[in-house]
Amino acid sequence: VQGDEALRKDAVEQATRHLVQPWPYAGSAGAEARTLIGEGDGIYITDDAGHRLIDGPAGMWCTNIGHRREEMAQVMYEQAMQLSYNTPWYTMNAPSAELARRIADHAPGDLSHVFFTTGGSSAVETALRFMQFFNNVRGRADKKLILSRGGAYHGSTYLSASLNGRPRDRDWMDGADDLVVKLSSPDPFRRPKSLSVEGFCDALVEEFRSTVERIGAERIGAFVGEPVQASGGVILPPNGYLKRIREICRANDILYVSDEVVTAFGRLGSVFASGDVFGLDPDMITFAKGVTSGYFPLGGVVISERLLEELRRSNHPDAMFAHGLTYTSHPIGCAVALKNFDILENGLLAHTREVAPYFQSQLRTLEDLPLVGEVRGLGLMACVECVADRESKDPLELDKDVGKRIDAHCQELGLLVRPLINMCVMSPPLVITRSQIDDLVSILREGI
Ligand code: PLP
């Protein structure tokens, strides 16, 4: 692709005047230079200057099957020509029913029913509204507080954003703070120096347990947690931590919501990581992104049969879950997701499991660079965390734009990075091959 200077000028000018981009600085509306992407193909995207870049973050952790898949375009076209939309209020469509059945087949425990949304934030929001409804119908109107953690990212709608635990997401924004209780991030790299990883795990579990005891289980409705905190910097909790939290939730009638918006649909080599990778059986799982690999906006919540059964047996079986989005169960989105499911099941999940150890081991070779404090990850998600000093692990003495600067260097060399202050996140499309992993790692090394 040749760079098209006129196209770029037009786009930049129009965006500057009229487009509000996500996460802009005050007053800028996001007008600061952002790379203009012209097209995508496989693991690559092409910028406005005609440079081909490896799509290191797979869009936003989402283009799992890779860009420009003809069968995806075809299924969108065919579904649009057959039925482009139907109201989900009092009609239904076949693709959403089949997709719900296939998702339930793969979900752990007794998770049996799916509510489809337009993305991850609306999935988390739906899970939380369902918890509120569930407790209202059961006559436990006081049981509504939500436990969340530092380092968490759960979305950009009001309630989902209120759970976010990254300081910069909350600094200038309001939230439903009276509904949310924050716990520590389960980040072993940043654990207190005095604690071993096992000791840190015990401390996290104790914090959880004592918080439930202090507030009272009768006031806590749900815990929401990513199995691997993604946008917090690919934070893998200590072994056994998630199961222990799950048990405390079970013992206290607190719904465990596993936010798999990033980890579901292949990123860790399975459809859902909660059960297959972490041995968990949550009460609800939220998903989005990889369910359509970004070809269509879709998300959802998988809900446990036990909860539905309890509602059926309640004193108010006619109470209405007054919750629905115009695009709930969108037929095109669900048809796209079914095709995406085929691709994952016909080899891509197996491929992911096969290349993931190579991806992780090659990225870990970067730990010999003085700037790199730790490389961590699982499956096809990883984070390179930079520190000023390996002993103190201090990121603060570093230029706060170090991630952005590494990204800028890498873009010149042919790789798009997801910079997070002092961290570089890598979560390429799952179709990546070993030799493409070599390219990615060698560019990242040079960029750093
Ligand atoms: N939950 C997690 C774990 C996420 O990473 C994200 C987005 O990155 C969301 C929820 C919100 O999803 P969306 O941006 O599709 O609304």
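## Ligand shell

In this predicted model, the shell around the ligand is made up of 7 nonpolar, 8 polar and 2 charged residues. Here Ala, Val, Leu, Ile, Met, Phe, Trp, Tyr, Cys and Pro count as nonpolar, Asp, Glu, Lys and Arg as charged, and the others, Gly among them, as polar. The ligand is surrounded by 17 residues, and the closest are Gly119, Gly120, Ser121, Gly155 and Val261.

Helices (H or I, at least four residues) and strands (E, at least two) are DSSP runs, numbered from the N terminus.

## Basis of the model

Residue numbers start from 1 along each chain as its sequence is written. The model is predicted: local features need pLDDT of at least 70, side-chain atom pairs count only at pLDDT 80 or more, and totals for chains, interfaces and linings use all residues.

## Two domains

The protein chain splits into domain 1 (5-69 + 348-447) and domain 2 (72-342), with bounds that come from an automatic or database domain assignment. Between the C-alpha centres of domain 1 and domain 2 there are 26 Å. Their contact involves 27 residues from domain 1 and 20 residues from domain 2; two residues are in contact if their C-beta atoms, placed from the backbone, lie within 7 Å.

On the side of domain 1 that touches domain 2, helix 2 (58-61), helix 12 (331-364), strand 11 (372-378), strand 12 (381-386) and strand 15 (423-426) each supply at least two residues. Helix 12 gives the most to this side, with 5 residues. The residues of this side comprise 15 nonpolar, 7 polar and 5 charged.

An open sheet is formed by 4 strands in the order 1-2-3-13, with mixed pairing. Two strands pair if DSSP finds at least two bridges between them. Strand 1 (37-41) and strand 13 (415-416) are the edge strands, each pairing on one side only.

Strand 1 and strand 2 (residues 44-47) run antiparallel and are joined by 4 bridges. Asp41 stands opposite Tyr44 in strand 2.

## Ile448

Ile448 lies in the segment after helix 14 (434-447). Ile448 counts as partly exposed because it has 19 C-beta neighbours inside 10 Å; a residue is buried if 20 or more other C-beta atoms lie within 10 Å of its own, exposed if 12 or fewer, and partly exposed in between, with C-beta atoms placed from the backbone.

Leaving aside residues up to four places away in sequence, Ile448 touches Leu366, Leu369, Leu371, Val372 and Ile406. Ile448 and Leu369 are 79 residues apart in sequence, and their C-alpha atoms are 8.1 Å apart in space.

Methods:
Near = placed C-beta within 6 Å.
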